[in-house]
Amino acid sequence: MSTEYRKPLQWGEQDPYRRENTAIGMWAWLAQRVSALAIVVLLALHVVLTYKPFLQFLLLLMVTFHAALGLRVILLDFNWVGVKYQRALIWGLVGLGLIVMAATWLSIY
Amino acid sequence: MASSSASVRNVRIFRYDPQKGGEGHFDHYTLEISDETTTTILDVLLRIQREQDPTLAFRYACRVNMCGSCGMVINGRERLACKTNVSHVPRGQDIALRPLNHFPVIKDLVVDMDPFFRKYEEALLFYEPKEEFAEPASIRPDSRERRNIGLNTECIACGCCVSSCTMCRYHEGYAGPAALNRAFTLLADSRDGLFEPRLTRAMASCYNCRTEFNCTEVCPKEISPTRAIKHIQWLAVTHRREQPRLAAATGSQESAATPASQAGKTDRRTFLRQVCVGVCGVGSALALGGVASIAAVGPALRKTPRRWVAIAKLADLPSGLATVMMNYEVKSGIYMQSVSTPVLVSRAGGEIVCFKSSCPHLGCLVRWDGASERFRCACHGGTFDRDGKVLSGPPPRPLDRYVTKVESDQLFVEVG
Ligand code: SF4
Ligand code: FES
């Protein structure tokens with residue numbers, strides 16, 4: 001009679017309702033990685049295809065996300081902002097970034 | 001009253017039979033619940049085991065959120081079965097119960113917590129005083145140190161945080177949130193005698209944290225292991241100087257430290273040092289460059305007096321469009337700089353207009369394109385008509401014009 005342990009389950013594996021319950025900090029982490037990849041691709045496209053407003057807009061948007069979320073981690077790393085504000089930081093910094101981005105965009109065009 | 005929260009709920013429970021092996025599956029049950037707000041998930045499990053399926057395996061002991069045995073994934077989130085009420089599970093959802101992540105499953109909802117406690121032990125979970133105390137230490141609850149450690153000592157080792165942290169999957173050697181939280185409570189304790197070996201161990205994995213906050217979100221004791229890890233990262237930075245000593249201390253005191261892990265630590269240290277040197281180098285280069293360029297550029301930014309430069313003899317200018325090179329010298333900072341720039345001259349009969357050749361958008365060179373009869377900037381595709389008005393593209397205003405004059409058959413433009 002064999003008794004075998006099942007290999008460890010992983011996050012999201014046979015895991016009902018996990019997506020709805022994913023915490024915002026996890027999305028922030030994911031969004032920062034995805035925006036990093038997007039920046040690499042969009043930057044290359046931007047160099048090859050100069051002056052495509054749509055491309056520029058996307059690039060600026062991704063840079064905004066990446067910078068805002070990166071600043072959040074830096075603020076948390078050095079305990080300049082307490083961890084209990086981690087969620088407020090996401091909305092606050094992304095919001096601030098979008099405002100700065102809008103201002104930049106409007107001043108260029 | 002009770003009837004308002006009475007209900008029939010579908011329950012899905014992960015089943016794994018060690019004698020059959022395989023991936024495991026979900027079994028479905030339905031259960032009548034008389035009052036959702038006073039029925040815990042643990043009650044649900046006990047009732048199913050008693051009334052429907054005696055083979056169901058799960059773990060519990062205290063039933064009052066103290067022992068940490070009943071940690072499991074309840075509807076996509078790590079929680080204690082005894083702390084979660086049926087009413088916490090949204091009405092529209094089944095109650096879905098599944099074992100914790102990152103631990104081998106023994107049977108159904110029961111996992112093997114050995115890996116958890118091994119990591120806990122590796123973090124040196126015990127307190128060892130620096131010196132013998134004759135008296136019990138008096139700890140002021142309002143002291144900074146005690147407040148910093150806070151309620152992080154309340155961990156019940158339920159494993160919820162480790163299950164929620166996706167980094168525990170991707171980094172074999174990662175101590176995980178619970179062990180690092182434990183290390184933090186002792187590292188922040190000034191009476192602790194094992195600071196150095198403990199820090200060396202914690203440092204080896206504190207950078208695996210990606211600040212996802214999953215552990216903080218799920219901890220049933222409302223501890224923030226993230227805060228603990230940030231504190232350790234901070235210690236790692238502030239104790240950079242001691243690190244060689246720290247590693248040596250571990251080497252002699254802890255025979256458990258293998259050469260391989262020490263090599264890893266050396267690499268990390270060298271890496272950190274290189275990063276520091278790099279950052280300092282780039283920083284000072286930027287500072288020096290900044291000072292130098294302000295010194296060089298500053299004077300150039302001062303208004304230079306306007307003056308006239310002759311660019312062509314009238315007789316040489318064709319009617320229509322012509323591009324003429326303008327050469328003159330300008331004092332820039334401490335040296336004379338010769339400027340050579342094309343001027344776009346448009347001559348229609350007696351009227352002469354001179355446009356600057358730099359695009360009002362971002363300053364690229366604008367050229368006359370005879371084929372399409374317009375000025376064109378290659379950088380971002382701006383075009384201008386014969387009068388310098390914008391036809392298309394990003395330029396915010398028409399081409400800039402020079403002030404011109406004609407004197408003794410020479411065309412002059414004003415620069416400055
Ligand atoms: S830190 Fe919280 S979630 Fe992690 S083991 Fe301790 S009590 Fe459980
Ligand atoms: S049974 Fe002890 S914490 Fe749930």
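**Close-up views of a predicted two-chain model**

**View 1. An aromatic cluster in chain B.** In chain B, the four residues B:Phe103, B:Phe116, B:Phe117 and B:Tyr120 come together as one aromatic cluster. The structure shown here is a predicted model, and a search through the whole of it finds eleven aromatic pairs over all chains.

**View 2. The ring pair of B:Phe14 and B:Phe26.** The ring centres of B:Phe14 and B:Phe26 are 5.8 Å apart and the ring planes stand at 80 degrees, so this pair counts as edge-to-face. Because B:Phe14 belongs to strand β1 (residues 7–15) of chain B and B:Phe26 to strand β2 (residues 25–33) of chain B, the pair ties together parts that are twelve residues apart in sequence. Are these two residues buried or exposed? With a relative accessibility of 0%, B:Phe14 counts as buried, and B:Phe26, with a relative accessibility of 19%, counts as buried too, since the cut-off for this class is under 20%.

**View 3. The ring pair of B:Phe58 and B:Tyr60.** B:Phe58 and B:Tyr60 form an aromatic pair of the stacked kind, with 6.0 Å from centre to centre and 25 degrees between the planes.

**View 4. Helix α6 of chain B.** Helix α6 (residues 176–187) of chain B is built from twelve residues, and the distance from its first C-alpha to its last is 16 Å, close to the 16 Å expected at 1.5 Å a residue. The helix is mostly covered, with eleven of its twelve residues buried. Among the buried residues of α6(B) are B:Gly176, B:Pro177, B:Leu180, B:Asn181, B:Phe184 and B:Thr185, and the list also includes B:Ala183, B:Leu186 and B:Leu187, which return in the next view as contacts of B:Arg198.

**View 5. The surroundings of B:Arg198.** B:Arg198 is placed in helix α7 (residues 195–206) of chain B, and because its relative accessible area is 0%, B:Arg198 is buried. Which residues does B:Arg198 touch, not counting those up to four places away in sequence? They are B:Ala123, B:Leu124, B:Leu125 and B:Phe126, together with B:Ala183, B:Leu186, B:Leu187 and B:Asp192. Of the contacts in chain B with a separation of 6 or more, 59% are between residues 24 or more positions apart.

**View 6. Helices α1 and α2 of chain A.** Chain A contains three helices and zero strands, and along the sequence its pattern reads α-α-α. Helix α1 (residues 24–48) of chain A packs with helix α2 (residues 53–77) of chain A at an angle of about 140 degrees, and their axes are 8 Å apart. The crossing of α1(A) and α2(A) is left-handed. On the side of α1(A), the residues that make the contact include A:Ala28, A:Ser35, A:Ile39 and A:Leu42, while those of α2(A) include A:Leu55, A:Leu59, A:Met62 and A:His66. Sorted by class, the contact between α1(A) and α2(A) consists of 15 nonpolar, seven polar and one charged residues.

**View 7. Helices α2 and α3 of chain A.** The axes of α2(A) and α3(A) cross at roughly 145 degrees and come within 9 Å, and α2(A) passes α3(A) in a right-handed crossing. By class, the residues in the contact of α2(A) with α3(A) are 17 nonpolar, four polar and one charged.

**View 8. Helix α3 of chain A and what covers it.** Helix α3 (residues 86–108) of chain A has 23 residues, which at 1.5 Å a residue should span 33 Å, and the 33 Å between its end C-alpha atoms agrees with this. In α3(A), the buried residues are A:Gln86, A:Leu89, A:Ile90, A:Leu93, A:Val94, A:Gly97, A:Met101 and A:Trp105. As background to this spacing, an α-helix has 3.6 residues a turn, so residues three or four places apart point the same way. The cover over the buried residues of α3(A) includes α1 and α2 of chain A, and also α8 (214–218) of chain B. Over chain A as a whole, 37% of the 109 residues count as buried.

Methods
Residues are numbered from 1 along each chain as its sequence is written. Chains are lettered from A and ligands numbered from 1 in the order in which they are written. This is a predicted model: local features need pLDDT of at least 70, side-chain atom pairs count only at pLDDT 80 or more; totals for chains, interfaces and linings use all residues. Side-chain values use heavy atoms; hydrogens and water are left out. Helices (H or I, at least four residues) and strands (E, at least two) are DSSP runs, numbered from the N terminus. The expected span of a helix is 1.5 Å times one less than its number of residues. Buried means under 20% relative accessible area, exposed over 50%, partly exposed in between (1.4 Å probe, protein chains only). Axes are lines fitted to C-alpha atoms, for helices over the stretch in contact, and angles run from 0 to 180 degrees between N-to-C directions. A crossing is left-handed if the near helix is turned anticlockwise from the far one by less than a right angle, and right-handed if clockwise. Contact means heavy atoms within 4.5 Å. Ala, Val, Leu, Ile, Met, Phe, Trp, Tyr, Cys and Pro count as nonpolar, Asp, Glu, Lys and Arg as charged, and the others, Gly among them, as polar. Rings of Phe, Tyr and Trp (its six-membered ring) pair if their centres lie within 6.5 Å; planes under 30 degrees apart count as stacked, over 60 as edge-to-face and the rest as tilted.
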